[in-house]
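Subject: Structure handover

Hello,

Here is the structure for your files. My notes on what was found in it follow below.

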Amino acid sequence: VICLLSAKNALNPYNVYLRVSLDLLGFIFFWYMANLTEAKIKKVLQMAPLFLAPSLILSFSGHDPGRAWAGTFGNIEHGSAIVGLATAISAVLGGLYSVLAGLFIGYLVIAESRAILVGLSIGVAIWFWLYKPRIAWRVAPAIAAIVFFVFFSFRAPVMKYLDVGQGRLGIWSQALKETTSYPVFGAGRGNFRLYSLAYAYDGRRVAEVEHEWFTWLHNDYLQTWFEAGPIALIAFFYLLWRVLFPVPKTRLGAGIFVGSVAFLIHAFFLFPFELAMTSGWFWTIAGSYWRLREGDPQIAVATGAYV
């Protein structure tokens, strides 16, 4: 409802309706999965990683990792959000799935998908902190080392990755300034692309601007704030909080939690919630996670007090 109200400020109201339709589609996936039996949920989760196997084979057979996803996810950066979820699920399923999880991690390393790799590490750290705090302090140095390695070994150094030439900090700062012009309901859901090129052309970086690159803000949370306003962003954060917590102690629940954390960290640097394929995957897995958690008697009893 909040996002629909943003149509009053939109340059193109039809974009608002299309974008809200994508949100509704994701929630339908969530609702459907949340109402399945636990047996069916587990079958879906067993099949989910296998869906990515063809692209994995193409990538390791010498194809450009980005091209392997062509026509499905756009490129590896978009698809890596799904691979992160599949990695965590495969890791806890055990057996041959553990081998698949290792291949997924290798795939992410080859593709230099930093946000997902760091996100998986942070997800593991949060889980240990919640349920095994004594071990968490022992695990923390190893996780910190992984995060340091990932950020400083892949592609350009972090600050160069974020600088105006690369686009992120420059386009984020422009969007933040513009939020003051639409303090309540934003500039209109799905309307960022109508402003993006004006922000990108700052008179100094014209030669480095790629038109398609700036179609999205490369930060789903900031884009939600810009397009639909602060109330919508708070509502979105609350929704994500209710989906993720409390975290079940089961292996499968822990795996989905870790993968979801990685997905949400990835969304800080890219735009998985803006793409139908990746958004649909997240809400499908989130619905499965919700069903497994609510089916756990210990968690179900504790949920009311926790909230």
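Is Phe268 buried, partly exposed or exposed? Phe268 is partly exposed, because its relative accessible area is 37%. Please keep in mind that this is a predicted model.

Overall picture

The protein chain holds 17 helices and zero strands. Of its 307 residues, 51% count as buried. Among contacts with a separation of 6 or more, 75% are between residues 24 or more positions apart.

Aromatic pairs

The whole structure contains 19 aromatic pairs. One of them joins Trp172 and Phe268 in an edge-to-face arrangement, with 5.6 Å from centre to centre and 70 degrees between the planes. Trp172 belongs to helix α11 (residues 168-179) and Phe268 to helix α15 (residues 251-269), so this pair links distant parts of the chain, 96 residues apart. While Phe268 is partly exposed, Trp172 is buried, at a relative accessible area of 9%.

A further pair is formed by Phe245 and Phe257, whose ring centres are 5.7 Å apart. Their planes stand at 70 degrees, so this pair is edge-to-face. Phe245 lies in the loop between α14 and α15, whereas Phe257 is in helix α15, so the pair ties together parts twelve residues apart in sequence. Phe245 counts as buried at 15% relative accessibility, and Phe257 counts as buried at 1%.

Ring pairs also build a cluster, which takes in Phe27, Phe30, Tyr221, Phe236, Phe237, Phe263, Phe273, Phe282, Trp283 and Trp290.

Helices α14 and α16

Helix α14 (residues 230-244) and helix α16 (residues 276-294) have axes that come within 9 Å and cross at roughly 50 degrees. On the α14 side, the contact is made by Phe236, Leu239, Leu240, Arg242, Val243 and Leu244. On the α16 side, Phe282, Trp283, Ala286, Tyr289, Trp290 and Arg293 take part. The residues of this contact comprise ten nonpolar, two charged and no polar ones.

Which ring does the charged end of Arg293 sit over? The charged end of Arg293 sits over the ring of Trp290, 4.9 Å from the ring centre.

Regards

Methods. Residues are numbered from 1 along each chain as its sequence is written. This is a predicted model: local features need pLDDT of at least 70, side-chain atom pairs count only at pLDDT 80 or more; totals for chains, interfaces and linings use all residues. Side-chain values use heavy atoms; hydrogens and water are left out. Axes are lines fitted to C-alpha atoms, for helices over the stretch in contact, and angles run from 0 to 180 degrees between N-to-C directions. Helices (H or I, at least four residues) and strands (E, at least two) are DSSP runs, numbered from the N terminus. Contact means heavy atoms within 4.5 Å. Ala, Val, Leu, Ile, Met, Phe, Trp, Tyr, Cys and Pro count as nonpolar, Asp, Glu, Lys and Arg as charged, and the others, Gly among them, as polar. Rings of Phe, Tyr and Trp (its six-membered ring) pair if their centres lie within 6.5 Å; planes under 30 degrees apart count as stacked, over 60 as edge-to-face and the rest as tilted. Buried means under 20% relative accessible area, exposed over 50%, partly exposed in between (1.4 Å probe, protein chains only). A charge sits over a ring if NZ of Lys or CZ of Arg is within 6 Å of the ring centre and within 35 degrees of the ring normal.
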